[in-house]
Structure formats: C-alpha cells, structure tokens
Amino acid sequence: MKFQITSLFAAALMAGSAAAHSWLECVDTDVPNHDAAQANPNIDPINNCKGYPRNKIYQDNWINESSWYVWDLNGPENTDSRACRPLQTNLYPSKVPMTVAQPGAAIRMRFWGNGHSRWDIGSPNHRDPGLVRVYWAGKKEVELTYKSDLTQANWFPRAQGNFSADTVNLITDGHMNEKANYYTLQLPTNMENGRHMMVWTWAWNLGMGVNPAGFNPATDYNNEWADSYSTCFDIEITGSTYTGATFDNSNQRVAAPSTACTTGTGLKGGMAQYPCTGAECPPCWYKTATGANCFEYDASGKCPFGGAYDCKLNKQLRRAMKHERAPFA
C-alpha cells in the first residue's frame with residue numbers, strides 16, 4: 001500500500017507552509033538607543049553598522065538582497081550543498097568592511113524579521129519562529145564550506161537564541177512594523193589574532209533530530225531545529241595574546257544520520273492505524289506536535305511537499321513556498 005498525501009492532510013500541511021527568508025544584515029551593530037527603542041517601539045532604533053557580512057554588494061537594496069543575497073540552504077539553487085551563497089566570498093567592498101573585534105567582545109548582530117517576529121501575528125500565525133545560530137570551526141583561517149559542516153561539532157558555544165527574542169517591533173492594529181531583530185554574539189576570551197570565518201543561520205524548520213536526555217535549551221545545541229537560511233561572515237580578531245585553536249572538532253564534521261530515521265516512530269500516510277518505526281516507514285518524514293507523519297515519494301521521485309526530512313538522502317528539505325500551495329496529483 002502506497003501512503004500518499006490525502007486531501008485533508010494536504011490542506012493542513014500546506015496551510016502551515018509559508019514563504020520565509022531572512023539574512024544577516026549587519027554583523028556588528030552599534031545601537032545607542034537599543035533599550036529605549038525596545039521599551040517604546042515608536043522610537044526608531046539607531047543602527048550604526050561597524051562590520052558587515054561577506055561581499056555585501058547589494059547594501060541598502062532590500063529587494064536585491066532578498067532575491068540574490070539570501071541563501072536557502074535547502075533550496076533548489078543549492079545543488080552543491082554549500083553553506084554559503086557562492087557570491088559570499090571573502091571579499092569586503094568599500095563601505096562594507098569586515099568586523100574587527102577583540103576577544104571577549106559582545107557583537108550585536110542584526111537580521112531581518114520579514115513577518116516572523118511575533119508568534120501570534122507572524123506569518124504563519126501561531127508558529128514558533130525558530131532559532132538563530134552561529135557556527136565556527138574554533139580557529140582562524142578555516143572555512144565552513146558545506147551544509148555538512150553546520151553541525152553541533154562546529155557550533156559556536158552557546159550561540160543560539162530565539163529568532164524574535166531581541167526585537168524592536170511596533171504593533172499597530174494587529175500589524176507589525178519589524179524595525180530590527182538582533183542577536184548578541186559573545187566572543188570567547190581565548191581567540192587567536194586573525195580572521196575567523198563564521199556562519200549565521202536561521203533554523204526555521206522543525207527537523208527530525210532528537211535532543212538527548214537532560215537537554216537544556218539555554219546551553220545545549222537544539223537538534224530538533226534544522227537550519228534553513230544562512231549568511232557567511234568573518235571577524236578579524238586583534239589585541240589577543242592567546243595562540244592556537246579555541247577548540248578543534250575537525251574530526252567530527254560529517255553530520256550524523258537523523259535519529260528519527262533509525263529509531264523514531266511515525267504514522268504511515270498520517271494514519272493512526274498504520275504506525276511504523278525507523279526504516280520500515282516511508283522516507284518522507286513530516287514533523288508533527290506528537291511525532292511524525294511519513295509518506296512515499298511522489299511520481300517524480302521526490303517528497304510530495306516541502307519541509308520533509310528525506311531519510312534516504314539524510315537531508316532536511318525546504319518548506320513549501322506560497323506559490324507551491326497546490327495539491328499533488
């Protein structure tokens with residue numbers, strides 16, 4: 001029996017899918033009135049960018065950046081499974097310099113909310129906006145090149161927070177004016193002088209990873225959220241007396257298979273009368289509040305809707321976009 005998408009499930013699944021994108025606008029932002037703007041969102045935050053992401057050639061052009069700078073890790077353009085959009089090379093044109101900082105500095109990063117900064121108002125409504133994270137190899141002059149490098153092994157220690165935890169958001173008649181979204185990156189004191197390459201990500205999809213017993217969301221890497229969008233950047237460390245790597249996990253860079261694919265439980269075709277476990281389930285897993293619904297590939301040999309975890313490919317697939325909201329044959 002083939003477990004294809006039923007019409008009712010299709011409607012429910014697609015209702016939860018939406019166009020979403022974000023990118024890192026500024027790596028090091030000086031906001032002298034940050035606290036005042038948060039307390040009173042009628043005040044516009046003063047954002048002075050001191051350091052930028054890589055090759056910010058579309059600076060101040062939101063339309064071009066949303067089309068040609070944002071990087072969808074799980075999208076069709078990413079045929080080589082790259083961590084960075086190809087144009088995000090280690091270049092910093094005039095007026096968009098690299099961040100320069102000393103060890104122990106607090107770096108306030110700014111990114112776009114794009115309709116996702118409030119759980120009760122955002123697009124879609126009543127959906128957790130996910131997490132922002134930072135990855136780093138733990139030493140200077142080392143590139144994180146592929147999606148497979150974006151794992152817990154290369155996670156910047158404790159660099160993880162809710163997408164909308166630090167935002168200036170003016171609400172008027174139920175509508176948002178997302179003036180700024182921030183995340184503060186606390187640099188460790190034991191960083192060597194030199195260029196340190198890093199990757200900012202927005203984990204927008206609930207993946208099929210499983211957190212271990214005793215998981216602490218305040219300090220531990222959250223395996224349940226899968227990275228969706230990324231921006232690459234560098235920080236030039238100066239004034240340090242430390243030498244050597246801060247940490248070295250280079251032997252752990254290959255992503256481990258999703259736990260759910262081997263030991264997780266799901267429902268074939270989303271039907272309670274057809275439970276399954278691990279490899280006996282169809283390959284396309286869709287996270288639900290209570291577990292997962294599992295479906296076969298469609299006639300094209302792909303998962304029938306976006307947002308699946310493909311257990312055969314060991315790959316999180318991007319969520320369906322608005323223009324793709326149509327039942328599959």
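This is a predicted model: local features need pLDDT of at least 70, side-chain atom pairs count only at pLDDT 80 or more; totals for chains, interfaces and linings use all residues.
Biologist: What makes the sulfur of Cys 294 too far for a bond with the closest cysteine sulfur?

Modeller: The closest cysteine sulfur is in Cys 281, at 4.2 Å. A disulfide is a pair of cysteine sulfur atoms within 2.5 Å. Residues are numbered from 1 along each chain as its sequence is written, and side-chain values use heavy atoms, with hydrogens and water left out.

Biologist: Why does Cys 294 count as buried?

Modeller: Its relative accessibility is 0%. Buried means under 20% relative accessible area, exposed over 50%, partly exposed in between (1.4 Å probe, protein chains only). Cys 294 therefore counts as buried.

Biologist: How many disulfides does the rule give?

Modeller: The count comes to five. With the bonded cysteines numbered in sequence order, the pairing is 1-2, 3-4, 5-10, 6-7, 8-9.

Biologist: How do you know that a disulfide joins Cys 84 to Cys 232?

Modeller: Their sulfurs are 1.8 Å apart. That is within 2.5 Å, so the pair qualifies. The torsion about the S-S bond is about -95°, so this disulfide is left-handed. Cys 84 lies in the loop between strand E4 (71–72) and strand E5 (99–101), while Cys 232 is in strand E14, 148 residues apart. Helices (H or I, at least four residues) and strands (E, at least two) are DSSP runs, numbered from the N terminus. Cys 84 is buried at 11% relative accessible area, and Cys 232 is buried at 0%.

Biologist: What makes the pair of Cys 284 and Cys 303 tie parts of the chain together?

Modeller: A disulfide joins them, S to S 2.1 Å. Cys 284 lies in strand E17 and Cys 303 in the loop between strand E18 and strand E19, so the pair ties together parts 19 residues apart in sequence.

Biologist: Why do strand E1 and strand E9 stand at the edges of the sheet?

Modeller: Four strands form an open sheet in the order E1-E6-E10-E9, with antiparallel pairing. Strand E1 (24–26) and strand E9 (167–172) each have a single partner strand, so one side of each is left without a neighbour. Two strands pair if DSSP finds at least two bridges between them. Six bridges join E6 to E10, so that pair passes.

Biologist: What makes a polar contact with the side chain of Glu 25?

Modeller: The side chain of Lys 56 does, at 3.0 Å. A polar contact is a pair of N or O atoms within 3.5 Å; within protein, one must be able to donate a hydrogen and the other to accept it, and residues adjacent in sequence count only if both atoms are side-chain atoms.

Biologist: Which residues of the largest nonpolar core touch the most other members?

Modeller: Met 109, Leu 185, Leu 187, Met 198 and Phe 233, out of 44 residues. Such a core is a set of buried Ala, Val, Leu, Ile, Met, Phe, Trp, Tyr and Cys residues joined through side-chain atoms within 4.5 Å.
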